[in-house]
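Here is a short tour for anyone who likes to check a model by its details. Please keep the viewer open while you read.

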Amino acid sequence: MQSPVDSDGDGKKDLIRVDIIRPKESGSGLKVPVIMHESPAFDEPGAGFEVEKKKYDANGNATKFPMFYDNYFVPRGYAFLSVDMIGTRLSEGCPTTYGAPDVLGGKAVIDWLNGRASAIDDKGDPVKASWTTGRTGMIGHSYEGALGIGVAGTGVQGLETIVPIASYTSGYETSRINGALTFSKGTQEFMAKRLDADPDEKCAAVHQRLREGSDDATGNYNAYWHERNYRTGPISKARNVRASVFGVYGMQDRNVVGSQFAEWWAKLPRTVQRKAWVTQYAHLDPFWTRREVWLTTLNKWFDHELMGVANDIMRQPRVDVQHGPDRWISQADWPAPAARTTTLRPQRDGSLGRTPSAGTGSYLDTAQTEIAMADNPATTNPNRLAFLTPPLENALRLSGTPSVSLRLKLDKPTANLGVLLVDYGTDTRINVRELGADRAYGFKFIGGEDCVGPSTVDDDGCYLKAGDNTATTGFNVVTRGILDAQNHQSLSRQTPLTPGKPYQITWKMLPQDYEFKAGHRLGLVLTGTNDDFNVAADGHGSENKAEPGTGAQVTIDLTGTSISLPVVNGAPSK
């Protein structure tokens, strides 16, 4: 079908490839709703954790649709559309790494399903979507789900619901956090090239714009990143969303950090029907860990939103929250409506309490992993300051977005400021740090397969069984805050600090929903460059690691330093 954009500059509007599988009854008068999976990954690297790619027969008909959506939902009366994102697989054009063409290509498909755009078949003959009601839901993981968010933010009619899973809402936050580079330099161009199997020369001009526009040299927010902002940007805005939302986000995701969910969720119009799962996983699709519950819930959601079935999905609590292995609660919204702000302050003796304390401390901005920063908090470490509460008398729950305020001086014009909130206490937790061929992001394969729908020779509906990957550890980094100090006044420009001059710098940490158990201790760790965010998650080159820290000495004035926590059930008593 024809898109409204010419992303490769060849003088022609880009054609978008749409593969369709639908109930045979829709060929004889039955009109059916649509579940749409738009992806940039059908060529490379492949969709889902089993790395599935499309297959076609000699006549060009699709014989394999990646993922389970066709196997599961077509027998339940839905059409399924597998859409190649612009510039990938069989679609024309160039990928723009979250840019306007990526969004507008998907919007064009929704317009076609609702009679507002044109399409042709492989012979060049016009094709109308006469078999559908036009009611469409978009679903996908990571980049895929972000396409749904982007399209929904255009306000397009006919897109009734979206199900984004670990999906960004701001392209800027895929590569930076508060001015600090958190992904490898050159990632925007790298991703566009990786997803497009065509020769690089075809999209050389686009690649140059990605390289120059992303401005890796400063980490600043600019017009390039504003185009890729689906919260308040020029192409897609949260306030324009008409579609209902069922979002799934992992609060330990280092790729799509929790603010991608929290900031967008808060900006959605109050009229938008919504549901969410907030988990302790990383960059994970719940199909791999909570499969039976996920499929049942997803089926009810689509039945209600696309078919108008009067089931109980909207009478259930809006949000499911995971607090650990097999530990889930439900609540009316997110953050928890009962959360109240509690402020804790570091003390001269290394404790963390409620009252201000005089004194100073200092450390050097060097690149360290979070484990190295948080380990052995009672041990003197020149690269961090650590403060702990007494053991908790009762369990304490964090729900929402903490903030930190530091009164500090530097001996250089800038430093990377790092803050960790740590749970000190032995427990069995979701293990998001272990990566391997059979485990990642907090899940592991456990042997055998589940079949979730009918199979064909090329396209089976069976997938490997998986479950939680856990580890018993003595502490856990709950959430973190990252800031390039020279961006403390603005993300769009750098303001170097005057060495030796005191500054009060306050910023948001990443959100979380987490339970600290009775007997555990809360820890506040002040440090420098967070090495866990220093290289791309796909590991496309250790040579691309960010700077190893500025080497600046950071002097903290305890009197003006605090962390504010959204707490549901009380706070440390001292």
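## A buried glutamine

Let's begin with a single residue of this predicted model. Glutamine 322 has a relative accessible area of 0%, so it counts as buried. The residue belongs to strand β12, which covers residues 319–324.

What does glutamine 322 touch, leaving aside residues up to four places away in sequence? Its contacts are Val278, Thr279, Gln280, Tyr281, Arg327, Trp328, Ile430, Asp468 and Asp513. With glutamine 280 there is also a polar approach: the backbone nitrogen of glutamine 280 is 2.7 Å from a polar atom in the side chain of glutamine 322. For a sense of scale, take aspartate 484, which is 162 residues from glutamine 322 along the chain. The C-alpha atoms of these two residues are 31 Å apart.

## The nine-stranded sheet

Strand β12 is part of an open sheet of nine strands, whose order is β1-β5-β2-β6-β7-β10-β11-β12-β13. Pairing in this sheet is mixed. At the edges are β1 (18–21) and β13 (327–331); each has a single partner strand, so one side of each has no neighbour in the sheet. On average, and ignoring direction, neighbouring strands here are turned by 15 degrees against each other.

Serine 39 has aspartate 84 in β5 as its bridge partner.

## Helix α2 across the sheet

Which strands does α2 lie across? They are β1, β2, β5, β6 (132–141) and β7 (159–165), and the helix runs at about 165 degrees to β2.

Of the 14 residues of α2, 12 are buried, so the helix is largely enclosed by the rest of the structure. The buried residues are Ala100, Pro101, Asp102, Val103, Gly105, Gly106, Ala108, Val109, Ile110, Asp111, Trp112 and Leu113. Just beyond the helix, glycine 115 adopts a positive phi of about 80 degrees.

How many disulfides does a search of the whole structure find? The answer is two. In one of them, cysteine 94 is bonded to cysteine 203, with an S to S distance of 2.0 Å. Cysteine 94 sits in the loop between β5 (79–84) and α2 (100–113), while cysteine 203 sits in the loop between α4 (187–195) and α5 (204–213), so this pair ties together parts 109 residues apart in sequence. The link of cysteine 94 and cysteine 203 is left-handed, with -90 degrees about the S-S bond.

Are these two cysteines buried or exposed? Cysteine 94 has 0% relative accessibility and counts as buried. Cysteine 203 is buried as well, at a relative accessible area of 1%. As for α4, its buried residues are Thr187, Gln188, Glu189, Met191, Ala192 and Leu195. The elements covering them include α3 (143–152), α5 and α6 (223–227).

## The disulfide between two strands

The other disulfide is formed by cysteine 451 and cysteine 462, whose sulfur atoms are 2.0 Å apart. Cysteine 451 is in strand β22 (residues 443–451) and cysteine 462 in strand β23 (residues 462–468), so the pair ties together parts 11 residues apart in sequence. With 95 degrees about the S-S bond, the link of cysteine 451 and cysteine 462 is right-handed.

Cysteine 451 is exposed, at a relative accessible area of 53%, whereas cysteine 462 is buried at 11%. If the bonded cysteines are numbered in sequence order, the pairing reads 1-2, 3-4.

## The four-stranded sheet

Our last stop is an open sheet of four strands in the order β17-β27-β20-β24, with antiparallel pairing. Strands β17 (384–388) and β24 (470–484) are the edges, each pairing on one side only. Neighbouring strands of this sheet are turned by 20 degrees against each other on average, direction ignored.

Within the sheet, β20 (residues 416–430) and β27 (residues 521–527) pair in the antiparallel sense over seven bridges. Opposite aspartate 423 you will find leucine 522 in β27.

Conventions
Residues are numbered from 1 along each chain as its sequence is written. This is a predicted model: local features need pLDDT of at least 70, side-chain atom pairs count only at pLDDT 80 or more; totals for chains, interfaces and linings use all residues. Side-chain values use heavy atoms; hydrogens and water are left out. A disulfide is a pair of cysteine sulfur atoms within 2.5 Å. Buried means under 20% relative accessible area, exposed over 50%, partly exposed in between (1.4 Å probe, protein chains only). Contact means heavy atoms within 4.5 Å. A polar contact is a pair of N or O atoms within 3.5 Å; within protein, one must be able to donate a hydrogen and the other to accept it, and residues adjacent in sequence count only if both atoms are side-chain atoms. Two strands pair if DSSP finds at least two bridges between them. Axes are lines fitted to C-alpha atoms, for helices over the stretch in contact, and angles run from 0 to 180 degrees between N-to-C directions.
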